[in-house]
Amino acid sequence: MALLDFFNKRKQDPNTEMSFIDHLEELRWHLIRAVLAIVVGAIVVMIYAREIVDEVLMAPTRADFVSSRWLCNLGHTLHIGETLCFPPVEAKFLENQMTGQFISYFTIGFIGGFIVAFPYIFWEFWRFVRPALSAKELKKTRGVIFWVSFLFFLGVLFGYFILTPFMVNFYFTYKLSDLIEIKPTFSDYLENLTYTTVGVGILFQLPLLVLILSKVGFITARFLRKYRRHALVVILIIAAIITPTTDPFSLTIVTIPLYILYEASISVAARVEKRKAKKEQEWS
């Protein structure tokens, strides 16, 4: 019933009540338009697939990658020597399946199309949810499409320019035995690249998720502060998973933005509670 009540709030005409099936039909068209946006983006990406693979996807594997040079220069500026410099590696990939490159071609198109179309995808989702919100709620959600898209692209860029070079360098320099030669497939690299870009982009939505959970009363700023130390341990574990290296600088580079997001989430939750308390005082 609660779900049906939510849907009924979405009706445009107050004298007409849409059925649950009508709402599902409307949702279907939003999803279709979102998928079409991904397809259009995928087609564009696939047209330039060779250039994207050579100049974009493979760029973090090179020693002269822009962020690799920047981190090395930063280490010299901080007088910590070569600590932030990546040792040179020869990153080459193979494909041991006849259909491997063909499948990767479509994977690149889909992932690239999703990244390019992300603002439109969320806009379609927002168009479906927006009519159920009151005028006051709509006023508080101004700029939501911008902030969701901004955090997503910020996470994608962070994963691409920072995490991916660390990932490549670690896996190509780690040796269990000198008798073992690493020859990863391009499909394996593409899968890990997706995790460190799209996955991190979604992870960067944490403050907005906390905002929603705070508004429904599921979590509070006090709760987040109380378990701050536990959250730090969880963040360190996530950082170790994303960049599995014992280098403290690598863990620090990953941990800092995730912890900043957590602290930002506390501020967001506190602001929501402050507004709730103010409303309660006005009503009392």
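## Basis of the description

In this predicted model, local features need pLDDT of at least 70 and side-chain atom pairs count only at pLDDT 80 or more, while totals for chains, interfaces and linings use all residues. Residues are numbered from 1 along each chain as its sequence is written, and side-chain values use heavy atoms, with hydrogens and water left out.

## Packing of H5 and H7

Helix H5 (residues 100-129) packs with helix H7 (residues 144-173) at an angle of about 150°, and their axes are 10 Å apart. Helices here are DSSP runs (H or I, at least four residues) numbered from the N terminus. The two helices are therefore roughly antiparallel (an angle over 145 degrees).

Contact (heavy atoms within 4.5 Å) involves Phe114, Ile115, Phe118, Pro119, Phe122, Trp123 and Trp126 of H5, together with Val144, Ile145, Val148, Ser149, Phe152 and Phe153 of H7.

## The nonpolar cores

A nonpolar core is a set of buried Ala, Val, Leu, Ile, Met, Phe, Trp, Tyr and Cys residues joined through side-chain atoms within 4.5 Å; buried means under 20% relative accessible area (1.4 Å probe, protein chains only). The largest such core has 33 residues, of which Val148, Phe152, Phe158, Phe204, Leu224, Leu258 and Tyr262 touch the most other members. Elements giving two or more residues to this core include H5, H7 and helix H12 (248-283). H7 supplies the largest share, nine residues.

Beyond its neighbours within four places in sequence, Tyr262 is in contact with Leu206, Leu224, Tyr227, Arg228, Ala231 and Ile235. Another core, of 13 residues, lies apart from the largest one and includes Val53, Ile108, Val168 and Phe186.

Technical notes
Axes are lines fitted to C-alpha atoms, for helices over the stretch in contact, and angles run from 0 to 180 degrees between N-to-C directions. Angles under 35 degrees count as roughly parallel, over 145 as roughly antiparallel, 65 to 115 as roughly perpendicular and the rest as oblique. Buried means under 20% relative accessible area, exposed over 50%, partly exposed in between (1.4 Å probe, protein chains only).
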